[in-house]
Amino acid sequence: MRHLSTWLAALYAGLIYLFIFLPVVVLVLFSFQDGSLPVPPLNGLTLRWYEAIFSDGKLMAALGNSLLVALISSAVACVLGFLAAYAFARYTLPASGLLRGLIVAPMTVSTLIIGLGLLSILNITGLRLSLVTVGIGHVVINLPLCFAIIYASMGGHQVNIERAARDLGARDWQVMLLVTAPMLLPSILAAFFLSVTFSWDEFIVAFLLSRFDVTLPVEIWSMLRSGLDPKTNAIGSVVFLISIAFLVVMEFTVFRKTGKSS
Amino acid sequence: MAATALERAERRKAWAFALPALLWTGAFFLVPFAYMAAISFWTRQGREIVATWTLDNYIAFFVKAHFFKGLVVSLEITATVTIISILLAYPLAWIIAERVPKKWQRFALIMAILPFWTSYVVRSYSWLLVLSKGGVVNQALLWLGVIAEPLELSANRTGTVIGFVHFFVMLLTLTIYANLIQLSPNYRRAAADLGANAFQTFWFVVLPLTLPGIMVGAFLTFVLCIGDYITPQILGGNNELVLPQVIMLQLGRRADFPMAAALSLVLMVVVTLAYIACARWLKMERT
């Protein structure tokens, strides 16, 4: 009986893992397809679709744009989030609950609505759509996350260390930069890398708020109009690899450190 | 009680730190959102937005079938996806928490959510590869002789639901596992001592205790699913549109910003109602 249920459990888990991995495996496998259709039968293996994407100027520009927007918007979101978290954790502000609610509010609203709102405002201000407007939108999306993560890790036990630094003559900015920030580094990094992965992957705001220079998801989106294409498989596999790289970096820099300190 | 000079200086500093984030959220979220809410009560002439107050857009939502049907289709798909995802994810989370040896659990969980990190657009495209007429599933079934004709698995609701379920099974496995692993084994020991069999223990003890994990995951599923444009657009075909697709259609071909704004607010009201319905469990998570 026990034996049977173990077998059933293994079978069930195996089937679900198959379901979860099926699209990824098919995507990567047929990115090597020696033929123009990424569906069975697999005619043979070739790297020519990877050559095609790496020599595609538009695609590579979009990849660069995506990295640029992800890194800069995440850095801005982290700095703003850190400053605000410091203010709310270390000082008493009037209506602090309400103000904190305002900062995390965008998290509760669908990105479609954030994008539409920004688009309607940009339309009347006459500001042109560009990577900058996409970046502004991504900061709106990621700031609540960065604020929440960093604020949650600002416990009372760090206050005494900050006080000691002040007693020893450190100025406010020195306390913040040389004492508080290093103590909170794991959560700041976690916030940063999570933001990077979200921004890197974000479609709807990037689609609504960009025009000529676009990010990678938007460029891939326009490739989809030509239907199934091994080239799309190749760039999709590269995107997956880069996302996994972000995760591995996060796992090693963030979780290792928190693991050690606790 | 007069504040001392020191207190005033401290308060100024606090505002200086908090202000950048507050201003950013105010200028790029609150103001745009308020403006969009206003637009939803305006109208348009040609491509121009005209600031005359009217309820026409909201009336159109209830009266015109293609708008209202968008919400109905969205709700049907979201409900189907949420239920199927919970039913598939719960046993997996349970197996990882109960049957996988402790030192392998983290690995099993990371593997279960790895494709979570594939790009959003690419993930739907990958399912198109799998589900299309010449795709892997149809080819395999044809080859095995299970079917004689390729099944219609994409460009319809089936495609959308499969694409969504894939994503949310991973999400729900995570939230339910997190809940299961926190349960003290004492609950189960107590139930067994009191004479409950395995099924009774699960149904009357474990399941109710993991309800918060299920509800948190279900709420996230609901919110992310009903607001998504990509998955139905790539996998769903054009026969029935979900609400976000209807919204995007107003922007593109018809340039009807007021109608798009009104539909977005309808979407937001639906999400808010879902939050109120789940609030009890979402709060429990925090304590």
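A residue counts as buried if 20 or more other C-beta atoms lie within 10 Å of its own, as exposed if 12 or fewer do, and as partly exposed in between, with C-beta atoms placed from the backbone. Keep that handy for the exercises below. This is a predicted model, in which local features need pLDDT of at least 70 and side-chain atom pairs count only at pLDDT 80 or more, while totals for chains, interfaces and linings use all residues. Residues are numbered from 1 along each chain as its sequence is written, and chains are lettered from A and ligands numbered from 1 in the order in which they are written.

**Exercise 1. Describe the side of chain B that touches chain A.**

Step 1: get the totals. Chain B puts 60 residues into the contact and chain A puts in 64.

Step 2: ask which element of chain B gives the largest share. That's helix H1 (residues 5-39) of chain B, with 18 residues.

Step 3: sort by type. Ala, Val, Leu, Ile, Met, Phe, Trp, Tyr, Cys and Pro count as nonpolar, Asp, Glu, Lys and Arg as charged, and the others, Gly among them, as polar. On chain B's side, that gives 45 nonpolar, 11 polar and four charged residues.

**Exercise 2. Work out which residues touch the most other members of the largest nonpolar core, then follow Ala84(A).**

Step 1: define the core. It's a set of buried Ala, Val, Leu, Ile, Met, Phe, Trp, Tyr and Cys residues joined through C-beta atoms within 7 Å.

Step 2: The largest core has 142 residues, and Ala84(A), Leu143(A), Ile150(A) and Leu263(B) touch the most other members. Its top contributor is helix H3 (residues 57-90) of chain A, with 15 residues.

Step 3: follow Ala84(A). Skipping neighbours within four places in sequence, Ala84(A) contacts Ile103(A) and Phe147(A), plus Phe17(B), Ala18(B) and Ala21(B).

Step 4: follow Leu263(B) too. One of its contacts is Gln250(B), a residue that also touches Asp256(B), Met259(B) and Ala260(B), again not counting residues up to four places away. Gln250(B) lies in helix H12 (residues 243-252) of chain B and is buried, because 21 C-beta neighbours fall inside 10 Å.

**Exercise 3. Characterise the packing of H3(A) against helix H6 (residues 131-152) of chain A.**

Step 1: take the axes, which are lines fitted to C-alpha atoms, for helices over the stretch in contact, with angles from 0 to 180 degrees between N-to-C directions. Those of H3(A) and H6(A) come within 7 Å and cross at roughly 40°.

Step 2: classify the angle. Under 35 degrees is roughly parallel, over 145 roughly antiparallel, 65 to 115 roughly perpendicular, and the rest oblique. H3(A) and H6(A) are therefore oblique to each other.

Step 3: assign the hand. A crossing is left-handed if the near helix is turned anticlockwise from the far one by less than a right angle, and right-handed if clockwise. For H3(A) and H6(A), the crossing is right-handed.

Step 4: check the residues. Their contact has 20 nonpolar, seven polar and no charged residues.

**Exercise 4. Locate a cis peptide bond in chain A, and a positive phi at an alanine in each chain.**

Step 1: check omega. The bond joining Pro40(A) and Pro41(A) is cis, with omega about 0°. Pro41(A) lies in the loop between helix H1 (2-29) and helix H2 (48-54) of chain A.

Step 2: check phi in chain A. Ala95(A), not a glycine, has a positive phi of about 55°. Ala95(A) belongs to the loop between H3 and helix H4 (96-104) of chain A, and is exposed because it has 9 other C-beta atoms within 10 Å.

Step 3: check phi in chain B. Ala155(B) has a positive phi near 60°. Ala155(B) falls in the loop between helix H6 (136-144) and helix H7 (157-182) of chain B; with 18 other C-beta atoms within 10 Å, it is partly exposed.

Note on methods:
Two residues are in contact if their C-beta atoms, placed from the backbone, lie within 7 Å. Helices (H or I, at least four residues) and strands (E, at least two) are DSSP runs, numbered from the N terminus.
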